[in-house]
Amino acid sequence: MHLFSGPYNASVESTSALSLNTWWHLSFVFERNSMYLYKNGVLLAARTSVPQARNIIRNKSFIGKGNWGGDEDFIGVMDDLRIYHKALTANEIMQVMYEQD
């Protein structure tokens, strides 16, 4: 899994594989100058000292698709996709993961 924050080539990656035909709870968190990657509520990778983006072009911010032609698009299904106005803590991620509809 790879979470990229351009244009500074800042990324956080995990070698943890996602098996086919299985639902996963994935969380990507940006908090100030840090990025965190969670799978099923467990922190897999983190990166600190990430420069904050100064100019964000909203028509070039994608989920599951890269900004550049050579990037692979996400192939799969996403369900219950959420974007929060704040960075969730590890405890909050666990609460969201186990909440019932």
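Where does D80 lie? I looked this up to begin, and D80 lies in the loop between β5 and α1.

**Entry 1: basis.** I note that the model is predicted, that local features need pLDDT of at least 70, that side-chain atom pairs count only at pLDDT 80 or more, and that totals for chains, interfaces and linings use all residues. Residues are numbered from 1 along each chain as its sequence is written, and side-chain values use heavy atoms, with hydrogens and water left out. I take helices (H or I, at least four residues) and strands (E, at least two) as DSSP runs, numbered from the N terminus.

Entry 2: With a relative accessible area of 47%, D80 is partly exposed; here buried means under 20% relative accessible area, exposed over 50%, and partly exposed in between (1.4 Å probe, protein chains only). I then turned to N21, which sits in the loop between β2 (10-13) and β3. Phi of N21 is also positive, near 60°, in a residue other than glycine. N21 counts as exposed, at 84% relative accessibility.

**Entry 3: the sheet.** I traced an open sheet of 3 strands in the order β3-β4-β5, with antiparallel pairing; two strands pair if DSSP finds at least two bridges between them. The edge strands are β3 and β5, each of which pairs on one side only. From one strand to the next the twist averages 20°, where axes are lines fitted to C-alpha atoms, for helices over the stretch in contact, and angles run from 0 to 180 degrees between N-to-C directions. Strands of a sheet pair through backbone hydrogen bonds, either parallel or antiparallel.

**Entry 4: the hairpin.** I recorded 5 bridges between strand β4 (residues 34-39) and strand β5 (residues 42-47), in the antiparallel sense. M35 has R47 as its bridge partner in β5. The hairpin of β4 and β5 has 2 residues between the strands, and N40 takes a positive phi near 50° there.

**Entry 5: helix α1.** Which residues of helix α1 are buried? I find I93, V96 and M97 buried in this helix, which spans residues 90-98. Seen down the axis of α1, the buried residues fall within an arc of 100°, so they line one face of the helix; the arc is that of the directions from the helix axis to the C-beta atoms. On the other side of α1, I find N91, Q95 and Y98 exposed. The cover over the buried residues of α1 includes β3 (26-31) and β4, with contact meaning heavy atoms within 4.5 Å.
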